[in-house]
Amino acid sequence: MAKTIAGINEKIRKGKAVVVTAEEVINIAKEKGISRAAEEIDVVTTGTFSPMCGSGAFFNVGHSRPRIKLGGGKVYLNDVPVYTGIAAVDIFLGATALPDDDPKNKFYPGEFNYGGGHVIEEMVAGKDIRLTATAYGTDCYPRKKLETLINIKDINEAILFNFRNAYQNYNVAVNLSDKVIYTYMGVLKPSLGNANYSTAGQLSPLLNDPYYKTIGVGTKIFLGGGIGYVAWHGTQHNPTALRGDNGVPRRGAGTLAVIGDLKQMKPEWLVGTSMLGYGCTLTVGIGIPIPILSEEILRYTMVSDAGILAPVVDYSEAYPQMKPDILGEVSYADLKSGRIKVQGKDVLTASLSSYPKAVGIASILKKWIEEGEFLLTEPVALLPGVESGITFKPLKERPIGE
Amino acid sequence: MDVSRRIVLHFPPNITGQPVVYRLVKDFGLTFNLLKASVSPGEEGLLVMELSGEQKNYDKGIKYLTETGVEIQSLSQDVVRDESRCTHCGACITICPTEAFSLEPRTREVLFDHNKCVVCGLCVKACPPRAMILHF
């Protein structure tokens, strides 16, 4: 009998669901054989913990007495500017926002020690945050200035809304130039001095569901240590990217927009992050359960590091100049061995994505499901797949007429 | 018995012209690993080094330095890892010139070998969650 999400949830409620991580499933399914493993295993849990710039949070801070219209005004949280072009007391804080007085790259490379991601981390940790605001004043919102401490437990809503997370595969960054470069992929030493990569490979959510057969709008997930949901496909979602015979994309492909109540998340899984010479961001922990509804779905979750290829890209020239050239492809097994070969040279590798944290996330999600605390959801809509024809387009610049 | 210590040497201006480190190597059989150097002729000089060798030679070397007029301090600067901030991503591994960071092969956690650290500080700013801290 074909398995259903409702059937799996029934087993989860009884504490009888068989749950394994995307790392564990590889050997289990090999040992048991695909058909027996597909019958026995109910859920495979995935995890990733990486810097994700497409992250941010909405806050409704409540109305002051007298009222102030923050909308259209200037608002700062711990000196980090937030977006106010929305309703009266709602604001949006982006992960990469920087204080106005941050020297940025004026002293190169800039340190970027504190920004939006750090405010989110401190907010989640329950620390008081300084809100300072100026507004233009209206008849119904007369106040023009506000300075107060706020705390996540007191404000009406704190919603993490990340419009692009959990990239399905990503570039391996190197530097062919003769000077050090500072990028969002970390510090890259000259003349192929190192190679940085940034996904969890075999544990990464979308690499275990390459054709988005189970992960869709409404899928309940582990987000920042709490519960979240897939809200939509992420921006730059590119399902038509080059794929291998196993269906796994060999380039950056699918992405997810995710949402969840920040109040129940934990700072351990939302970490303010600084990239030297580049900027600030937020490192986000995401874990997604994959219901094993068929042998085909199980087979996708069996993907191992050796079966995932990533392109090696020069971040001194090809990336900044939008040139499509790559220097070859390497597998995650190669990357995790500590060295890869690029243009005949041995290059040491390092990750920006924490594999131990990804394992931790997949294990926590597994525990939640085994203990009956976390039920699976049926997606209400699927993500655009290969058949959608959606591609990732560059900006077409056009002159602005007189 | 061999010893290995990290020390800070302050050279008064009148001896910056002397081959002091050469004498440490040649006369006392000591080895050194230079961590930091700031020496200009006619000005006070500063050398930070790890000095190693047999205890009795080490003691003789230090005596020689003191007699020459070099002021010696033990190294109070140190790089430590804030374990509560480290996410074990591994960004530091290829940045460190002395390979003080390595991956535990099974768990893929990042190990920090304090003994290999030469306090250059490169990891401090390259660490995305800023878990590496320079202590003075």
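**A walk through the two chains**

Mentor: Start with helix H1 of chain A, residues 5-13, where Ile8(A), Asn9(A) and Ile12(A) are buried. Buried takes 20 or more other C-beta atoms within 10 Å of the residue's own, exposed takes 12 or fewer, partly exposed is in between, and C-beta atoms are placed from the backbone. Helices (H or I, at least four residues) and strands (E, at least two) are DSSP runs, numbered from the N terminus. This is a predicted model: local features need pLDDT of at least 70, side-chain atom pairs count only at pLDDT 80 or more, and totals for chains, interfaces and linings use all residues. Residues are numbered from 1 along each chain as its sequence is written, while chains are lettered from A and ligands numbered from 1 in the order in which they are written.

Trainee: Which exposed residues does the face turned away carry?
Mentor: Ala6(A) and Arg13(A).

Trainee: What do the buried residues of H1(A) pack against?
Mentor: Strand E2 (43-45), strand E21 (289-291) and helix H7 (355-370), all of chain A. Contact means that the C-beta atoms of two residues, placed from the backbone, lie within 7 Å.

Trainee: What follows H1(A)?
Mentor: Gly15(A), with a positive phi near 70 degrees.

Trainee: New topic. How many residues has the largest nonpolar core?
Mentor: It has 132 residues, and those with the most contacts inside it include Val43(A), Val172(A) and Cys92(B). H7(A) gives the most to this core, with seven residues. A nonpolar core is a set of buried Ala, Val, Leu, Ile, Met, Phe, Trp, Tyr and Cys residues joined through C-beta atoms within 7 Å.

Trainee: Which residues are in a second core?
Mentor: That separate core has seven residues, including Leu24(B), Leu30(B), Leu51(B) and Tyr58(B).

Trainee: How many residues does the contact take from chain A and chain B?
Mentor: 22 from chain A and 16 from chain B. On the side of chain A that touches chain B, E19(A) gives the most, with four residues.

Trainee: Now chain B. How many helices and strands are there?
Mentor: Three helices and eight strands. Along the sequence, the pattern is β-α-β-β-α-β-β-β-β-α-β.

Trainee: What domains is chain B divided into?
Mentor: Domain 1 (2-74) and domain 2 (78-135). Their centres, taken over C-alpha atoms, are separated by 28 Å. The domain bounds come from an automatic or database domain assignment.

Trainee: Which residues of H2(B) are buried?
Mentor: Tyr58(B), Gly61(B) and Leu65(B). They are on the same side of H2(B) because they cover an arc of only 60 degrees around the axis.

Trainee: And which are exposed on the other side of H2(B)?
Mentor: Lys56(B), Lys63(B), Thr66(B) and Glu67(B). The buried residues pack against strand E1 (2-11), helix H1 (20-28), strand E3 (45-54) and strand E4 (71-74) of chain B.

Trainee: What comes just after H2(B)?
Mentor: Gly69(B), which takes a positive phi of about 110 degrees.

Note on methods
The arc is that of the directions from the helix axis to the C-beta atoms.
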